[in-house]
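Q: I have a model on screen and want to learn to read it. Can we go through it feature by feature?

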Amino acid sequence: MGVLQDKVAVITGANAGIGLAIARAYHAEGARVFVAGRRQAELDAVEAELGARVTGVRCDVGRLSDLDGLYATVGERAGRIDVLVANAGIGISASLGKITEEQFDAMFTTNVKGSLFTVQKALPLLSRGASIILTGSTAATRPQSDLPVYGATKAAIRNLVRGFAHGAGAGQYRINVLSPGGTRTQGLIDLVPADQLAAAGATIPLGRLAEPEEIAAAAVFLASDASSYVNGSDLAVDGGFAQV
Ligand code: NDP
């Protein structure tokens, strides 16, 4: 029996990258998984791959009406949420001198507004003691010159979670940040030039980028009863990058 047996999990940004790895890991641990993303073909592919206990729901987390639709589906089909992972996020490389209003709005809309309302609108469906996880980033604590606004969105997520953790109210839920370091996903490959990506591993104490499955393993821990007293924390899974 898996450590998430019969739990109902909702994961945003789960048709690719880290979110997909989390969906696979939760499914393997016995969870019923709702996978949210914007691209229908990728959602269909996840359903086809994992089969039973998986439902893909088209949802742009920056649109509140889409979130209403997501939770209407979850409510109808499962009636509750035991684990919520607000993972959808985008990074756009742009220095202080080059960032545009559109890029700023896109990152804050998906990463901050999207994460906040992904949690707020789930509240009526949360089961007692539910685990909420928001995907942060080492960029929150170790800002980079080409990603200052992205880092600011992830720092905002850290602050939101600390505030929400105070309101957890006698075990109604617990909420934590999971902060990956550089992780080998399409999102990172699109963001970082190939030569820089090849060199990035050398800047990390463990000498390499993370694989999405290594982030997913930590997401299983935060979702499971093994982390029952972990609340308001920021778990870095970064090979030591932001720690030393
Ligand atoms: P990918 O670009 O590989 O995947 C992003 C996922 O998010 C896709 O499933 C995408 O699906 C979805 N997504 C993007 N925007 C939205 C939106 N508005 N609404 C719903 N879904 C959306 O990214 P990663 O897997 O690399 O990143 C996942 C998370 O991890 C992000 O929050 C990112 O900031 C964070 N992170 C990543 C790191 C890395 O090195 N990879 C390091 C630190 C943090 P679709 O396009 O269909 O919407």
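Q: Leaving aside its neighbours within four places in sequence, which residues is V83 in contact with?
A: A note before we start: this is a predicted model. Look past the local stretch of chain. Beyond four places in sequence, V83 contacts L4, K7, A9, A31, A130, S131 and A223.

Q: Where is V83 found?
A: V83 belongs to strand β4, which spans residues 81-86.

Q: Why does V83 count as buried?
A: Count the C-beta atoms around the residue. The cut-off for buried is 20 or more others within 10 Å. V83 has 26 C-beta neighbours inside 10 Å, so V83 counts as buried.

Q: In what order do the strands of the open sheet run?
A: The order is β3-β2-β1-β4-β5-β6-β7, seven strands with parallel pairing. At the edges sit β3 (54-58) and β7 (234-237), each pairing on one side only. From one strand to the next, the twist averages 20°.

Q: Are the faces of β1 covered or uncovered?
A: Check each side of the strand in turn. Both faces of β1 are covered. V8, V10 and T12 are buried on one side, A9 and I11 on the other. That makes five of five residues buried in β1 (residues 8-12).

Q: Which strands does β1 pair with, and over how many bridges?
A: Look to both sides. Five bridges pair β1 with β2 (residues 32-37) in the parallel sense. T12 stands opposite A36 in β2. To get from β1 to β2, the chain passes through helix α1 (residues 17-28), and this β-α-β crossover is right-handed. Strand β4 runs parallel to β1 and is joined to it by three bridges. Here I11 stands opposite V85.

Q: How many bridges pair β6 with β7?
A: Four bridges, in the parallel sense, pair β6 (residues 173-180) with β7. S179 of that pair faces A236 in β7.

Q: Which strands does helix α8 touch?
A: For a helix on a sheet, list the strands, then read the angle. Helix α8 (residues 212-223) packs on the sheet and touches β1, β4, β5, β6 and β7. Its direction makes about 165° with that of β6.

Q: What does helix α5 lie across?
A: Helix α5 (residues 148-166) lies across β5 (126-135), β6 and β7. It runs at about 160° to β6.

Conventions. Residues numbered from 1 in each chain as written. Predicted model: local features only at pLDDT ≥ 70, side-chain atom pairs only at ≥ 80, totals over all residues. Buried ≥ 20, exposed ≤ 12 C-beta atoms within 10 Å, placed from the backbone. Helix = DSSP H or I, 4+ residues; strand = E, 2+ residues; numbered from the N terminus. Pairing = 2+ DSSP bridges. Right-handed = clockwise from strand over helix to strand, strands pointing away. Axes fitted to C-alpha atoms, helices over the stretch in contact; angles between N-to-C directions. Contact = placed C-beta atoms within 7 Å.
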